Structures are given as structure tokens and as C-alpha cells.
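The following note sets out numbered remarks on the structure shown below. Please read each point alongside the sequence and the coordinates.

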Amino acid sequence: MSPGLNIATGIIAAILLIAALGQARSVFAPLAAALFIMSIVWPIQKWLQSWLPRLIGLAITVLLTVAVCLAFASLAAWGFGRVGHYVIADATRYQALYATAVAWLDDHGVSVAGLWAEHFNVGWLFRATQYVTGRLNTTLSFWLVVLVYVVLGLLEIEDVTARVERVQNRTAARVLIEGSRATAAKLRRYLLVRTQMSAATGLLVGSFAAVTGLPFAFEWGVIAFVLNYIPFIGPFIATLFPTLLAMTQFEHWQAVLGIFVCLNIIQFAIGSYVEPRVAGSMLSISPFLVLFAIFFWTFLWGLFGTFIGVPITLAMLTFCAQHPSTFWISDLFGGSAKSAAEKP
């Protein structure tokens with residue numbers, strides 16, 4: 001087969017694979033999430049079952065995992081709850097701000113009342129309620145499936161490893177075992193980097209809010225820390241809400257604009273400059289590929305793809321590095337030059 005035909009076949013196969021991943025997101029997305037969680041928590045499970053029965057160790061590992069996830073969700077809920085109570089108590093000021101904005105728009109030929117009547121009617125409210133309810137049900141089902149995958153996967157890791165070691169194709173067995181171990185180690189480093197960058201973002205956002213006199217500086221820092229685990233979408237939310245609060249706290253629009261710009265500078269500097277370079281340095285992945293992976297998997301799988309995109313790309317590059325025929329892919333997109341000793 002000619003090289004040109006090989007390339008064309010590879011491109012067609014890649015396009016078909018991408019289309020399949022997009023169409024079957026409800027099948028592959030929970031599996032990807034479960035594999036990611038398993039790679040993070042497996043050392044805990046392995047340590048626990050070294051001195052406890054395996055099922056008890058599994059129960060402790062799963063409970064710890066669920067507790068950590070709930071703790072992060074509770075932090076975000078606590079921060080937004082504190083701000084929400086303040087906004088409700090200060091509703092008259094927001095009403096006055098809204099009345100001022102409506103009057104200004106009416107003076108410039110924009111009828112807000114007409115827009116409300118046209119777009120925000122009972123039908124729209126009913127459809128929005130249905131959409132939100134559907135999304136909540138889908139999210140709950142998604143994480144229940146992920147939890148089942150995690151439980152079953154943690155029970156079978158050692159058995160699967162033993163079966164792979166008995167495979168007659170020794171090259172395939174080596175790629176699977178060494179690639180899986182290397183991928184798990186990189187994913188744990190990735191989560192460490194993500195946590196460090198989220199902590200830095202939360203600290204800077206909270207400090208900036210305190211210096212500028214914006215209320216709930218600590219809460220904004222906590223919210224920025226938690227939401228920073230969701231690339232792009234999370235930082236946008238963590239920037240938008242403090243700006244909306246600032247509109248009622250400062251008399252001049254220049255101050256509000258300054259807060260909005262500075263918060264975006266913080267988010268952009270860490271999320272688009274510092275983190276890709278730190279991640280690229282620690283994980284041997286190109287900073288350009290980090291950003292591309294986020295956008296690509298967001299397009300393919302939505303919000304969940306935003307979170308899981310970089311780990312999936314890390315796994316693909318790590319497995320490519322385990323075989324001579326695909327090592328060039330890992331070497332091409334690596335964040336730092338690999339030594340010849342790393343080449344299989």
C-alpha cells in the first residue's frame with residue numbers, strides 16, 4: 001500500500017472515530033470520567049486493600065471520592081448562597097438600578113417592556129423550566145453511571161492487569177500496562193497542577209476584591225477556586241458575578257469596568273498563560289495542544305469535554321510514546337524535548 005493511501009486511510013479513520021465519539025457521547029463520556037477518577041484514586045484503593053479486605057477498602061475509597069466532590073460543590077453553593085442572601089436583602093438597590101437602565105434604554109429607542117413581552121412569556125418560562133429539569137436529570141444519571149463504572153473498575157484493575165500480562169503479543173501487553181501506569185501518573189500530576197492554579201486564582205481574585213473594597217472578597221476567592229476546575233466556563237462565571245455586584249457598590253462605571261477588566265486579566269494570565277506552560281513543563285505536552293484540547297473536546301462533548309479534554313489528550317500522547325511507530329506523535333506535541341532514553 002502506498003504512503004499516500006496510508007495517510008488518506010488514517011485521516012478517514014480519524015474522522016470516523018471523531019464522529020463516533022461525538023454521536024455516542026452518552027456512552028463514552030461517562031467511561032472517560034470513570035477512567036480519570038480511577039487513575040486518581042487507585043493509589044488510595046491499593047494502599048487500603050493492602051491491610052483491609054478489598055470490598056471495605058473499595059467502600060472507603062468511593063466514600064472519600066464522593067465526599068471530596070460534594071465538598072467542592074458545597075464550597076461553591078456556600079459562596080453563591082452568601083452573595084445571594086445579600087442580593088435579596090439589597091433588592092431595592094437592584095430595582096433602582098434596573099429602573100435607571102430601562103429609562104436610559106427607552107430614551108435611546110429600545111423598549112425593554114416590549115422585549116420582555118415578546119421573549120419572556122409563560123411559554124418561554126415553561127420551556128426554560130423543562131430544559132433545566134432535563135439537564136439536572138441528565139447530570140444526575142451521568143454521575144450515577146460514572147459511579148457504577150468506578151466501583152466495577154476498581155474491583156477489576158488487578159484482574160485485568162493479570163490478564164493483560166498473559167497476552168501472547170508481548171509488545172501489545174507492554175504498551176497497555178506501561179501506558180496505563182504512565183497515564184495514571186500524568187493524570188495525577190495534571191490534577192495537582194490544576195489544584196495549584198485554582199488556588200492561585202482564588203487567592204488573587206479574593207485579594208483583588210479585598211483591595212478594591214468589593215464585598216464578600218473571601219467568598220469570591222472560594223468561588224473562583226472551585227470554578228477554575230472548569231476551564232473557560234468557570235472563570236467566566238467567577239468574573240461575571242463580582243462585576244454585577246460591583247455595579248451596585250460603585251457610583252462610577254469606570255470603577256465597574258476596571259474591576260471587570262482586572263478580573264479577566266487575572267483569569268486570562270493564569271488560565272491561558274501560566275497554567276498551559278506549567279502543565280506543559282510538568283506533563284510533557286505542548287501549551288498550544290493544551291488549549292486546542294480544551295476547545296476540541298468542548299465542541300465534541302460540551303461542558304464535560306471542557307473538563308476532561310486535557311486528560312484525554314494526555315492519555316493519547318502517553319500511549320503513543322510507548323511504541324516506536326507512534327513515538328513521533330508524542331515527541332512532536334511534547335511540551336519539552338524528550339531524551340533518547342525515553343524512546344521505546
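1. Surface. Accessible areas here come from the Shrake-Rupley method with a 1.4 Å probe, and for residues only the protein chains shown count as cover. On that basis the protein chain exposes about 20100 Å², and carbon and sulfur atoms supply 74% of this area.

2. Basis of the model. This is a predicted model, in which local features need pLDDT of at least 70, side-chain atom pairs count only at pLDDT 80 or more, and totals for chains, interfaces and linings use all residues. Residues are numbered from 1 along each chain as its sequence is written, and side-chain values use heavy atoms, with hydrogens and water left out.

3. Confidence. The term pLDDT denotes the predictor's confidence in each residue, from 0 to 100. The protein chain averages 81, and 81% of the residues score at least 70. Confidence is highest in helix 8 (residues 217-227), at a mean of 91, and lowest in helix 5 (residues 112-119), at 55. Over residues 336-344 pLDDT stays under 50; for this stretch the model has 13 contacts (heavy atoms within 4.5 Å) beyond four places in sequence. Where pLDDT is low, the predicted coordinates should not be read in detail.

4. Secondary structure. The protein chain comes to 13 helices and 0 strands. Both are DSSP runs numbered from the N terminus: helices are H or I with at least four residues, strands E with at least two. Among contacts between residues at least 6 apart in sequence, 67% join residues at least 24 apart.

5. Burial. Residues are called buried under 20% relative accessible area, exposed over 50%, and partly exposed in between (1.4 Å probe, protein chains only). Of the 344 residues in the protein chain, 34% are buried.

6. Salt bridges. How many salt bridges does a search of the whole structure find? The search returns 2, where a salt bridge is a side-chain nitrogen of Lys or Arg within 4 Å of a carboxyl oxygen of Asp or Glu. In one, the side chains of Arg 82 and Glu 219 meet at 2.9 Å, N to O. This pair links distant parts of the chain, with Arg 82 in helix 3 (residues 54-89) and Glu 219 in helix 8, 137 residues apart. Arg 82 counts as partly exposed because its relative accessibility is 40%, whereas Glu 219, at 6%, counts as buried.

7. A pair within one helix. Arg 174 forms a salt bridge with Glu 178, with the closest N and O atoms 3.5 Å apart. The two residues lie 4 apart in helix 7 (residues 170-212), so about one helical turn separates them. Arg 174 is partly exposed at 28% relative accessible area, and Glu 178 is also partly exposed, at 38%.

8. Nonpolar patch. Val 27, Phe 28, Leu 31, Leu 35, Val 145 and Tyr 149 make a nonpolar surface patch of about 480 Å². The elements that give two or more residues to the patch are helix 2 (25-48) and helix 6 (122-165). Helix 2 gives the most, with 4 residues. Patches are made of residues with over 30% relative accessible area and no salt bridge, like charges being joined within 9 Å and nonpolar side chains (Val, Leu, Ile, Met, Phe, Trp, Tyr) within 5 Å. Val 27, found in helix 2, counts as partly exposed at 47% relative accessibility.

9. Cysteines. The structure holds 0 disulfides, a disulfide being a pair of cysteine sulfur atoms within 2.5 Å. Cys 262 counts as partly exposed at 31% relative accessibility, while Cys 320, at 17%, counts as buried.
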